[in-house]
Amino acid sequence: MRPLAIALVAILMAAGCSTPRRDKITVACGASERWCAMMVKRFSDATGVEADFVRLSSGEALERIKAARARQEFDVWHGGPADSYVAAKSLGLLEPYKSEKSGEIRKEWADRENAWSGIYAGVLAFCNNTKELAKRGMQPIRSWRELLDERLRGSVALAHPATSGTAYTTLWTHVQLGGGDHDAALGYLRSLHPNVLRYTSSGSAAALQAAKQEAAVGVVFSHDCVTAQEQGYPNLQVTFPQEGTGYELGGLAVLAGAHNPHSARTYVDWALSGASQQLGPLVQFYALPTNTKVPAHSKAADPAAVKLVSYDVEVAGRAKQALVDRFSAEIARPPA
């Protein structure tokens with residue numbers, strides 16, 4: 001290229017005449033593959049902003065976001081328990097944003113400083129394969145104590161808390177049941193360890209392990225078990241621990257260093273809206289909505305009918321790294 005042409009190209013680029021970057025965002029998505037795909041497509045249809053996603057469990061998402069903080073690969077983080085969002089906030093990985101829809105979200109289900117917002121809630125449950133349990137002479141599991149039964153050796157489906165928000169919810173539930181005692185919580189999970197089939201990276205995988213009779217019971221959020229039932233696995237039954245159980249608050253946040261922060265904020269506004277929070281059942285996702293204008297689906301867990309432990313997301317998030325490190329060192333390493 002001649003010197004004059006090179007100079008002209010440089011002038012045009014400096015004046016903003018270079019090829020414009022497409023209006024596009026990438027979402028780190030922590031819910032089911034089908035739900036993630038539907039949400040980004042519906043968002044694109046509604047706004048004209050191109051969007052794609054990468055499906056990651058909450059632990060995997062946090063590690064990817066931390067690793068890429070100098071040159072972030074995602075614009076939005078959507079789904080997965082808010083404990084990880086609390087941890088991300090403490091590391092400066094989230095960009096605070098007060099959405100125009102924030103007034104419609106339950107106040108106790110959002111960060112007070114607008115770093116993240118709750119997008120759905122799910123209750124921790126047992127996903128029982130009644131056929132597999134009957135082979136062991138057992139009824140559906142209804143307590144944490146029953147889960148330690150020797151007849152369940154290698155037959156409990158559970159994820160690892162280093163990679164799975166579901167598993168960390170399980171761990172923190174036992175911290176609460178033990179009156180805040182970390183040693184007691186780890187002691188229970190150490191006792192449960194011989195009964196675990198294998199630690200998976202994704203919490204929802206435990207529902208499919210139970211559904212496919214690889215395990216007799218899975219520890220999952222209830223809506224994941226209901227989804228498996230609707231996918232054609234008739235031997236599944238949802239029960240809740242009688243001693244008390246925890247719950248997840250699925251999070252949503254704009255990421256610090258987003259390539260397209262304006263469209264990322266547009267995505268948050270759209271996702272928090274009542275219209276988008278009614279979409280879950282279209283892909284068999286029956287979590288509780290956080291938008292006060294959206295009624296819970298009949299197949300969602302009823303918090304009033306379940307004994308819930310006190311679950312402070314902020315406290316759980318601050319304790320996460322130390323607890324997960326202890327679990328990995330004392331009970332089982334994360335899955336490779």
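Predicted model: local features only at pLDDT ≥ 70, side-chain atom pairs only at ≥ 80, totals over all residues.
Me: Which residues of H2 are buried, and what do they pack against?
Reply: Trp35, Cys36, Met38, Met39, Val40, Phe43 and Ser44 are buried. The buried residues of H2 pack against strands E1 (24–29), E2 (50–55), E3 (76–81) and E5 (117–129), and against helices H10 (261–272) and H11 (274–277). Just after H2, Gly48 has a positive phi of about 85°.

Me: Why is H6 called oblique to H7?
Reply: Helix H6 (residues 165–177) and helix H7 (residues 182–192) pack at about 125°, with axes 8 Å apart. Roughly perpendicular ends at 115 degrees and roughly antiparallel begins over 145, so H6 is oblique to H7.

Me: What makes the contact between H6 and H7?
Reply: H6 contributes Thr170, Leu171, Trp172, His174 and Val175, while H7 contributes His182, Ala185, Leu186, Tyr188 and Leu189. By class, 7 are nonpolar, 3 are polar and none is charged.

Me: Why does Val156 count as buried?
Reply: Its relative accessibility is 0%, and buried means under 20%, so Val156 counts as buried. Val156 lies in strand E6 (residues 156–159). Leaving aside neighbours within four places in sequence, its contacts include Leu147, Asn195, Val196 and Val217. Val156 and Arg198 are 42 residues apart in sequence, with their C-alpha atoms 8.3 Å apart in space.

Key. Residues numbered from 1 in each chain as written. Heavy atoms only, no water. Buried < 20%, exposed > 50% of the residue type's maximum accessible area, 1.4 Å probe, protein only. Helix = DSSP H or I, 4+ residues; strand = E, 2+ residues; numbered from the N terminus. Contact = heavy atoms within 4.5 Å. Axes fitted to C-alpha atoms, helices over the stretch in contact; angles between N-to-C directions. Parallel < 35°, antiparallel > 145°, perpendicular 65-115°, else oblique. Nonpolar A, V, L, I, M, F, W, Y, C, P; charged D, E, K, R; others polar.
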